[in-house]
Amino acid sequence: FIYIKSYGCQMNVYDSNRMKDMFLDKGYKLTNNIEKANLTILNTCHIREKAVEKVYSDIGRVKKIKANNKEMKLVVSGCVAQAEGIEIKKRSPSVDFVVGPQSYHQLPDMIKNSEKVVNSDFLQNEKFKNLVYKSSKLSSEFLSIQEGCDKFCSFCVVPYTRGPEFSRPVKDIIDETKKYTENGVKEIILLGQNVNAYHGKSDDGKSKDLAYLISKISEIDHVKRIRYMTSHPRDMKETLINEHANNPKLMPFLHLPIQSGSDEILKKMNRKHTVDDYLILVDKIRNVRPDIALSSDFIVGFPDETDKDFENTMKFIEKVKFVIAYSFTYSPRPGTPAQYKDNVDHAEKKARLAALQSLLTEQQLEYNKSFINKNVEVLFEKKGRYDNQYIGRTIYNQSTFINSNKKILNKILNVKITNSTNFALECQT
Ligand code: SAH
Ligand code: SF4
Ligand code: F3S
């Protein structure tokens, strides 16, 4: 039996799915009960200190379970494995194997040969060539098309944990998409730390951008919906904006992190774009697709962030109106340039985060309320907690609940919204 826990971003979920497929192919069975597992994989995240603390506390828990289950092997994979390598084993001897995000295809061999640590070499396409691709879900699949990042924002560990930017060839992505659609999948979510920097090669040897890739994927009949994340404002090209105007399979939702609404802070973050650059982009996109749902990420309490800087972030949010956004207090990370200064008081950070989140929740609530009594298309993806309850997503990516005694799983239906909260909609057919 194999037990896998995924921390952090969707790319880690994708990697966890691949590890699962790889071990199921080798005869393992998946379990949700860690006590039964012979192999436990913690697929970790290094993005903020809290994420890493969670991993070490879970390792402590697994250690206790291992005391009663001597056969169990513990693997730490993902971004903490890449960042800390052998140090993890020094700190926690109960860890048997450490493997980075570019090397986990070697895991079965590592286990066979009792090799303890493999990471740090960014082999890029080597991994993708050696993975197993099956569908874990009925309706919607993540698909990593791009990995790594060359942007080096001053707060961020990703360029160090995932390595330099790399794009997979177009054909490999098309082939993988078809494997999922053969299993009934209708929605493909293209993933990359910097997905709109995609520049993979096509068969003619030329490098192609994300808009081209999306148009190619949309030619596959069984693909009904395409999404992508995460985008960087500097890589939001005209071709991609046009694709939003012209491709009905490309969903009207865009996750475009800005991090701060203050130019001073953006400069210190090494984001290489201004607030105005972002606002111009928003105008362009709304011009061709007025109903597009915008989402973003924010960091509050970045070094030297003043009350004025924070006010500018709040004003910026009021201006743009996001349908959802993720926000965090700044966490200094080892190896990053910004780590040496963490001079915003902890309580002040918390207060700013609370204010920002309450504004975002208000916007979300208002947005979702505007759907009541309106019709919208929903792809129903899974069963809910109650009998006859199903959960799906609107074209704008809102979570939507329905009570129905019809067979509606994996169907795209035009439904009427009857009720809403800040995080979900209710509907009827
Ligand atoms: N590639 C994406 C983000 C990847 S990390 C981008 O370019 O925006 C996801 C989010 O975590 C970031 O958008 C940022 O808001 C947050 N984050 C990253 N490093 C952080 C840090 N050191 N402290 C707090 N939040 C951080
Ligand atoms: Fe990190 Fe910046 Fe790259 Fe996003 S663009 S992954 S925040 S370095
Ligand atoms: Fe975390 Fe690595 Fe993703 S640090 S956010 S798991 S790229």
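Guide: A residue is called buried when its relative accessible area is under 20%, exposed when it is over 50%, and partly exposed in between, with a 1.4 Å probe and protein chains only. The model is a predicted one, in which local features need pLDDT of at least 70 and side-chain atom pairs count only at pLDDT 80 or more, while totals for chains, interfaces and linings use all residues. Residues are numbered from 1 along each chain as its sequence is written, and side-chain values use heavy atoms, with hydrogens and water left out.

With a relative accessible area of 9%, Gln-363 is buried. Its place is in helix H14 (residues 346-369); helices (H or I, at least four residues) and strands (E, at least two) are DSSP runs, numbered from the N terminus. Leaving aside residues up to four places away in sequence, Gln-363 touches Ile-317, Glu-318, Lys-321 and Phe-322, where contact means heavy atoms within 4.5 Å.

Phe-322 leads on to the aromatic rings. Rings of Phe, Tyr and Trp (its six-membered ring) pair if their centres lie within 6.5 Å; planes under 30 degrees apart count as stacked, over 60 as edge-to-face and the rest as tilted. The structure holds 11 such aromatic pairs. In one of them, the rings of Phe-298 and Phe-322 have centres 5.8 Å apart and planes at 75°, so the pair is edge-to-face. Phe-298 belongs to strand E12 (residues 293-300) and Phe-322 to the loop between helix H13 (307-320) and strand E13 (324-329), so this pair ties together parts that are 24 residues apart in sequence. Phe-298 counts as buried, at 0% relative accessibility, and Phe-322 also counts as buried, at 2%.

A further pair is formed by Phe-302 and Tyr-330: the ring centres are 5.2 Å apart and the planes stand at 70°, so this pair is edge-to-face. Phe-302 is buried at 2% relative accessibility, and Tyr-330 is buried with a relative accessible area of 4%.

Ring pairs also build a cluster, which links Tyr-278, Phe-298, Phe-316 and Phe-322. In H10 (residues 238-246), the residues Leu-240, Ile-241, Glu-243 and His-244 are buried. They lie on the same side of H10, because they cover an arc of only 155° around the axis; the arc is that of the directions from the helix axis to the C-beta atoms.

A charge sits over a ring if NZ of Lys or CZ of Arg is within 6 Å of the ring centre and within 35 degrees of the ring normal. The charged end of Lys-36 is placed in this way over the ring of Phe-1, 4.8 Å from its centre. Likewise, the charged end of Lys-127 sits over the ring of Phe-128, at 4.9 Å from the centre of that ring.

Methods
Chains lettered and ligands numbered in written order.
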